[in-house]
Amino acid sequence: FESRFNIPHITDVFEDAVPMPSTFCLRMRSPTEEFADGYPSDEKWHGYINNNDRVLLKVIHYSSPTSAGAECIDPDCTWVEQWVHRAGPREKIYFKPEEVKAAIVTCGGLCPGLNDVIRQIVITLEIYGVKKIVGIPFGYRGFSDKELNEMLLSRKVVQNIHLSGGSLLGVSRGGPTISELVDSMEERGINMLFVLGGNGTHAGANAIHQECRKRRLKVAVVGVPKTIDNDILLMDKTFGFDTAVEEAQRAINSAYIEAHSAYHGIGVVKLMGRSSGYIAMHASLASGQIDICLIPEVPFHLHGPHGVLRHLKYLLETKGSAVVCVAEGAGQNFLQRTNATDASGNIVLGDIGVHIQQETKKYFKEIGIPADVKYIDPTYMIRACRANASDGILCTVLGQNAVHGAFAGYSGITVGICNTHYVYLPIPEVISYPRVVDPNSRMWHRCLTSTGQPDFV
Ligand code: ATP
Ligand code: MG
């Protein structure tokens, strides 16, 4: 089966392959094997992934060829299958470990699990036999800022970093041009670059990959998608998302208790989601305490007979209290547009949470009904959390596969979990636009069933 996605490989440009050292054991040794009593398993080998191994991304059966649209190449076909490259260690590697200088960089905002990924990349590089591993401080900026020194990384340095949130290396937005950045990589002798970040960071990583190819540098650039919003295409989920939903529930629960304990209490919780409402939708579904969930994908009115405020009045009359969950990118049409951008060029959003709080207070004052409105913005508390167990596992596997991908000679790729399997994808495929909640999807309908909210248009 042909993969729909051709991922760039080093042999496209460079011919040489290095045979895998025979001593290399794929199985990660656990400390208990070496230090504690136990019986070593007979199985010393877990095998390699073949470059032609494919994972089925999706099968769609369309009711007619016309509904298949552009996805269907064959006009008579109503089936579409998409296959992607399976991630994992390869028998042939394209870098000699002793010649590798690997660098890790984390860009954009914080997300639970960054340290878990850094840690696993370092550990896996060491297992391959790489001696030179460095961290670039504070995102892409660390490549150009002369005040910032590379951080030497080893298993010893990273051993416990996953026990706290944030990024060991620091993060930033903005930074040098791609050309300056690749100059700096050349000066430093970096030939493997692991880039942890969101869509902006991945656009940068792909540009770095292209620039390295242009200069005929034998460099592998591998991304690990970091987006708490879960807005990367094709992937089941990205790391940090599960943790964010779990933490968001705590904020929702506090808002619920506050609202429930007050006379005519209304809690407003703002959650992450610049263009995608996944966190708000999932946290609403998980908590069961949300009466109104507002996301960027679904337009709504605040005022008027079908507006959010009228529904809040109904909720106070019937239930006595209410909790609203709003994604940060929702309802931007109600806010004063500023053309302000951050250092990376992202538009600075207005605060919809504060706006809803103020409008709610004003509305209830005007109609002469007492209402006790409380606003909770837990976004920075959530971003700084350490990863939960399920994200910890995801980060570990992504970190390992990022290193396997680089050694396998791939560049300009990113790692992810698709249809429950771990895969490599070419960067442009996953960042061409943000993944958003489909307002016609069953999942959004389930969310509406759970909140009981009407249409607000
Ligand atoms: P987050 O999800 O936290 O927003 P992000 O990776 O999208 O993560 P950005 O601040 O948008 O975060 O970008 C991170 C880095 O990538 C910045 O240093 C920025 O300069 C760089 N970058 C953003 N967009 C591009 C682009 N199109 N080409 C090259 N570099 C880019
Ligand atoms: Mg971004």
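Trainee: How many helices and strands are there in the protein chain?

Mentor: The model, which is predicted, has 14 helices and 15 strands in the protein chain. Of the 457 residues, 53% are buried. Among contacts with a separation of 6 or more, 78% are between residues 24 or more positions apart.

Trainee: What is the order of the strands in the open sheet of four strands?

Mentor: The order is β11-β12-β10-β13, and the pairing is parallel. Neighbouring strands are turned by 15° against each other on average, with direction ignored.

Trainee: What makes β11 and β13 edge strands?

Mentor: Each pairs on one side only. The residues concerned are 292-294 for β11 and 372-376 for β13.

Trainee: How do you know that β11 and β12 pair?

Mentor: Pairing needs at least two bridges. Three bridges join β11 to β12, residues 322-327, so the two strands pair, and they run parallel. L294 has V326 in β12 as its bridge partner.

Trainee: Which helices lie across these strands?

Mentor: Helix α7, residues 241-261, lies across β10 (265-271), β12 and β13, and runs at about 165° to β10. Helix α9, residues 308-318, lies across β10, β11 and β12, at about 160° to β11.

Trainee: How does the reach of α7 compare with what is expected?

Mentor: α7 has 21 residues and reaches 30 Å from its first C-alpha to its last. That is close to the 30 Å expected at 1.5 Å a residue.

Trainee: Which residues of α7 are buried, and what covers them?

Mentor: The buried residues are F241, T243, A244, V245, E247, A248, A251, I252, A255 and A259. To be called buried, a residue must have under 20% relative accessible area. The cover includes β10, β12 and β13, as well as the helices α8 (278-287), α11 (379-383) and α12.

Trainee: How many aromatic pairs does the structure hold?

Mentor: It holds four aromatic pairs.

Trainee: Why is the pair of Y363 and F364 called edge-to-face?

Mentor: The ring centres are 5.1 Å apart, and pairing requires centres within 6.5 Å, so the two rings pair. The planes stand at 80°, and an angle over 60 degrees counts as edge-to-face, so the name applies. Y363 and F364 are buried.

Trainee: Why is the pair of Y410 and Y424 called tilted?

Mentor: The centres are 5.7 Å apart, again within 6.5 Å, so the rings pair. The planes are at 50°, which is neither under 30 degrees (stacked) nor over 60 (edge-to-face), so the pair is tilted. Y410 lies in the loop between α12 (389-407) and β14 (413-418), and Y424 lies in β15, residues 421-426. The pair links distant parts of the chain, 14 residues apart. Y410 is buried, and so is Y424.

Trainee: How do you know that β14 and β15 pair?

Mentor: Six bridges join them and at least two are needed, so the strands pair, running antiparallel. G416 stands opposite V423 in β15. The hairpin has two residues between the strands, and N419 takes a positive phi near 50°.

Trainee: What makes the charged end of K218 sit over the ring of F95?

Mentor: The distance to the ring centre is 5.2 Å, and the limit is within 6 Å. The position must also be within 35 degrees of the ring normal. The charged end of K218 is assigned as sitting over the ring of F95. The charged end of R435 likewise sits over the ring of Y278, 4.6 Å from its centre.

Conventions
Residues are numbered from 1 along each chain as its sequence is written. Chains are lettered from A and ligands numbered from 1 in the order in which they are written. This is a predicted model: local features need pLDDT of at least 70, side-chain atom pairs count only at pLDDT 80 or more; totals for chains, interfaces and linings use all residues. Side-chain values use heavy atoms; hydrogens and water are left out. Axes are lines fitted to C-alpha atoms, for helices over the stretch in contact, and angles run from 0 to 180 degrees between N-to-C directions. Contact means heavy atoms within 4.5 Å. Rings of Phe, Tyr and Trp (its six-membered ring) pair if their centres lie within 6.5 Å; planes under 30 degrees apart count as stacked, over 60 as edge-to-face and the rest as tilted. Buried means under 20% relative accessible area, exposed over 50%, partly exposed in between (1.4 Å probe, protein chains only). The expected span of a helix is 1.5 Å times one less than its number of residues.
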